Each structure stands twice: as structure tokens, then as C-alpha cells.
Amino acid sequence: MNKAEFIDAVATKAGLSKKDAKNAVDAVLETITETLVKKDSVSFIGFGTFTTSERAERTAKVPGTDRTVTVPATTVAKFKVGKALKEAVAAK
């Protein structure tokens, strides 16, 4: 399912116009992004939790050669699945 299909599904389930559903979906995604940029977490009980994690600088080998490169430290987004979502997916 891509974003347009997701917006259509939200519009149908919520009884909204596609324009209103798009605005709502965009607002939710923007809010989650802004919260993660601040290194805070977003938690939806039963669904899951969005968090950030720090990855330290490391050395990696380039496949097929003996060359090594330094991969810089970075912050990454993570998602931990909630119990209700995990059980709903496993039941299907």
C-alpha cells in the first residue's frame, strides 16, 4: 500500500474527503518526524513506539576489496511493535 492508497483508506474509514484525509495523514507524519528530530519518542499503546537511537562511528569493509571505510556516527529512527499489533498480524 502506498501513501495515496493509504489516504484513500483513511478517507473511507473516517468518512472524510480525500483532501481532509491527506491533510490529517500529512499532519500525523510531520508531527512524528518533528518529535523524532527532537530525539523524543512517540508511543501509541498497543500499536508501537517510534524512537531514535545513536549509532557510533565504525569501520566497515567494502565488499569485494580489502579497502576499509569509516562510517560516521549518526542518529537513526526505530519502531518497536506494540503487543496488540503484533498479535493482530500473527493471527492473520
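Predicted model: local features only at pLDDT ≥ 70, side-chain atom pairs only at ≥ 80, totals over all residues.
Helix 1 and helix 2 (18–37) each supply at least two residues of the lining of the largest pocket. The space in the largest pocket comes to about 240 Å³. Its lining consists of Phe6, Val10, Ala24, Val25, Val28, Leu29, Ile32, Phe44, Phe47 and Phe50. Helix 2 gives the largest share of that lining, five residues. What kinds of residue make up the lining: nonpolar, polar or charged? The lining has 10 nonpolar residues, no polar ones and no charged ones.

Helix 1 can be followed from its start to its end. At its start, a side-chain oxygen of Asn2 comes within 3.1 Å of the backbone nitrogen of Ala4. Helix 1 has 12 residues, and at 1.5 Å a residue these should span 16 Å. Lys13 belongs to helix 1, which covers residues 3–14. Is Lys13 buried or exposed? Lys13 has a relative accessible area of 80%, so it counts as exposed; the cut-off for exposed is over 50%. Between Lys13 and Lys3, which are 10 residues apart along the chain, the C-alpha atoms are separated by 15 Å. Just after helix 1 comes Gly15, with a positive phi of about 70°.

The charged side chains come next. How many salt bridges does a search of the whole structure find? The search finds four. One of them is a pairing of the side chains of Asp26 and Lys3, with an N to O distance of 2.7 Å. Asp26 is in helix 2 and Lys3 is in helix 1, so this pair ties together parts that lie 23 residues apart in sequence. Asp26 is partly exposed, its relative accessible area being 22%. Lys3 also has a value between the two cut-offs: at 43% relative accessibility, Lys3 counts as partly exposed.

Asp26 has a salt bridge with Lys22 as well, and here the closest N and O atoms are 2.7 Å apart. Both Asp26 and Lys22 lie in helix 2, four residues apart, or about one turn of the helix. Why does such a spacing matter in a helix? An α-helix has 3.6 residues a turn, so residues three or four places apart point the same way. Lys22 is partly exposed, with a relative accessible area of 39%.

Another salt bridge joins Lys39 and Glu54, whose closest N and O atoms are 3.9 Å apart. Lys39 sits in the loop between helix 2 and strand 1 (42–44), while Glu54 is in strand 2 (residues 48–55), so the pair ties together parts 15 residues apart in sequence. Glu54 is exposed, with a relative accessible area of 52%. Salt bridges that share partners link Lys3, Lys22 and Asp26 into one network.

Most residues other than glycine have a negative phi, and most peptide bonds are trans. The loop that holds Lys39 runs between helix 2 and strand 1. Lys39 is partly exposed, with a relative accessible area of 48%.

Ala60 is in strand 3 (residues 58–61). Is Ala60 buried or exposed? At 16% relative accessibility, Ala60 counts as buried, because the cut-off for buried is under 20%. The C-alpha atoms of Ala60 and Thr35 are separated by 31 Å, and the two residues are 25 residues apart along the chain.

Thr75 is in strand 5 (residues 74–81). Thr75 counts as partly exposed, at 34% relative accessibility.

Conventions:
Residues numbered from 1 in each chain as written. Heavy atoms only, no water. Buried < 20%, exposed > 50% of the residue type's maximum accessible area, 1.4 Å probe, protein only. Expected span 1.5 Å × (residues − 1). Polar contact = N/O pair within 3.5 Å; in protein donor to acceptor, adjacent residues only side chain to side chain. 1 Å grid on protein atoms, 1.4 Å probe; cavity = no way out; pocket = protein on both sides within 12 Å on 5 of 7 lines; lining within 4 Å. Points joined across faces, edges and corners; volume = space filled by probe spheres on them. Nonpolar A, V, L, I, M, F, W, Y, C, P; charged D, E, K, R; others polar.
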